[in-house]
Amino acid sequence: MTVTFKKLHSTFAAEVSEIDLRHVQDEHTLAQLRAGMAEFGVLVFKNQHFSNQEQLDFAQRMDGALHAKTSSAVLAKNRFGNEALTDISNVGQDGSILDASDRRRVSSISNRLWHTDASFENPAGRYSMLYARNIPPVRADTQFADMRAAYDALDAETKATIDRLHVYHSIVYSRHIMGFDFSAEESAKLQGATHPLVRICEGSPRKSLYLASHAAHIIEWQIPEGRLLLKDLMEHATQPQFVWSHEWELNDLVIWDNRTTMHRARSFDDIKYKRELTRVTTLDLPRQQVASAA
Ligand code: OGA
Ligand code: MN
């Protein structure tokens, strides 16, 4: 089937023409969707009807091996019995809203910082696919930043300075600065990971800035100088011209490429209203390794 894309922002993000992803099996359609991801970085699919298993199955067809090592797995047993299906909600095992002081809630508040998923792992996250199962009656948007447009807009001197640097990413670091501390035992499972600061992904010759709240320091530099550079780049990349907001409707599926975008949740009254989404994130393995790992 032929897929068309309607652009949602001047530099990135698109809505995909009507399609029921539960039934997309053929390589021809999947290849068009992957090409759309390479071009737009964020794709919005309206009116999906996934069971948990159907969401997992589609993610595997779309991109191969799934990420099952999420930080939430360290804090609580997964509500759905499958660590690859991340519970992006403000409810507990019994479906009632989490208390303000619940550790799962306090940790997930950090999703409101600009980040990319699983950058503190190796392999990191490639595509994240977030599906809206229950949304509040108030705005609770997810915002995205175009990290290729942000790279392109840097001056030549900055590009030359940063091109070959590496960044250490740690969720223990990013949560700590928000006042949330993992125990020693939990931290031992969250060692962090090092990735290039500037990357090129398959399917597009463009360079992208790979930042995130989890970015703790630059490997090649002294810590304070590296942290300042990261702060400057984060500030640059999240200027309004690089940002697009998704206002959720029930049954939306949004897929983003964690290598070419950052994202953050916007706040809402999460003690009053339920918000329940499920996320599947794929492993950022070289494409040729995906087939054997899947
Ligand atoms: C995520 C995430 C943002 C949101 O699922 O990885 O950061 O708005 N979600 O829930
Ligand atoms: Mn996220």
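Two cavities of 30 Å³ or more are counted in this predicted model. The largest cavity has a volume of about 830 Å³, and the largest pocket holds about 330 Å³ of space. A manganese ion (ligand 2) is coordinated by H115, D117 and H263. The largest nonpolar core has 26 residues, and another core, of 24 residues, lies apart from it.

- The lining of the largest cavity, about 830 Å³ in volume, is made up of 46 residues, and D87, I88, S89, S108 and N111 are the closest to its centre.
- Elements that each supply at least two residues of this lining are α3 (71-75), β4 (86-89), α4, α7 (171-176) and β14.
- By class, the lining of the largest cavity has 14 nonpolar, 17 polar and 15 charged residues.
- M37, A38, R148, C201, E202, S204, D257, R259 and T260 line the second largest cavity.
- Three nonpolar, two polar and four charged residues make up the lining of the second largest cavity.

**Largest pocket**

- The largest pocket has 14 lining residues, with A212, S213, L230, K231 and M234 nearest its centre.
- Two or more lining residues come from each of β11 (215-218) and α9 (223-237).
- Helix α9 gives the largest share of the pocket lining, five residues.
- The pocket lining divides into nine nonpolar, two polar and three charged residues.

**Manganese site**

- The donor atoms on the manganese ion (ligand 2) are NE2 of H115, OD of D117 and NE2 of H263, at 2.1 to 2.2 Å.
- Along the sequence, the donor residues follow the spacing H-x1-D-x145-H.
- H115 is in the loop between α4 (103-108) and β5, while H263 is in strand β14 (residues 261-265), so the pair ties together parts that are 148 residues apart in sequence.
- H115 has a relative accessible area of 4% and is therefore buried, the cut-off being under 20%.
- H263 is also buried, at 5% relative accessibility.

**Nonpolar cores**

- Within the largest nonpolar core, of 26 residues, those with the most contacts are L21, F45, F58, M62, L253 and I255.
- At least two residues of this core come from each of β2 (14-16), α1 (27-40), β3 (42-45), α2 (52-63), β5 (125-134) and β13 (253-257).
- Beyond its neighbours within four places in sequence, L253 makes contact with L21, L43, V44, F45, Q48, F50, Q55, F58, M129, L130 and Y131.
- The separate core of 24 residues includes A145, I162, L230 and F242.
- L230 is also one of the residues nearest the centre of the largest pocket.

**Residue I218**

- I218 lies in strand β11 and is buried, with a relative accessibility of 0%.
- Not counting residues up to four places away in sequence, I218 touches L165, H166, V167, L197, G226, L229 and L230.

Note on methods:
Residues numbered from 1 in each chain as written. Chains lettered and ligands numbered in written order. Predicted model: local features only at pLDDT ≥ 70, side-chain atom pairs only at ≥ 80, totals over all residues. Heavy atoms only, no water. 1 Å grid on protein atoms, 1.4 Å probe; cavity = no way out; pocket = protein on both sides within 12 Å on 5 of 7 lines; lining within 4 Å. Points joined across faces, edges and corners; volume = space filled by probe spheres on them. Helix = DSSP H or I, 4+ residues; strand = E, 2+ residues; numbered from the N terminus. Nonpolar A, V, L, I, M, F, W, Y, C, P; charged D, E, K, R; others polar. Core = buried A, V, L, I, M, F, W, Y, C linked by side-chain atoms within 4.5 Å. Buried < 20%, exposed > 50% of the residue type's maximum accessible area, 1.4 Å probe, protein only. Contact = heavy atoms within 4.5 Å. Donors = N, O, S within 2.8 Å, 3.2 Å for Na, K, Ca; no water.
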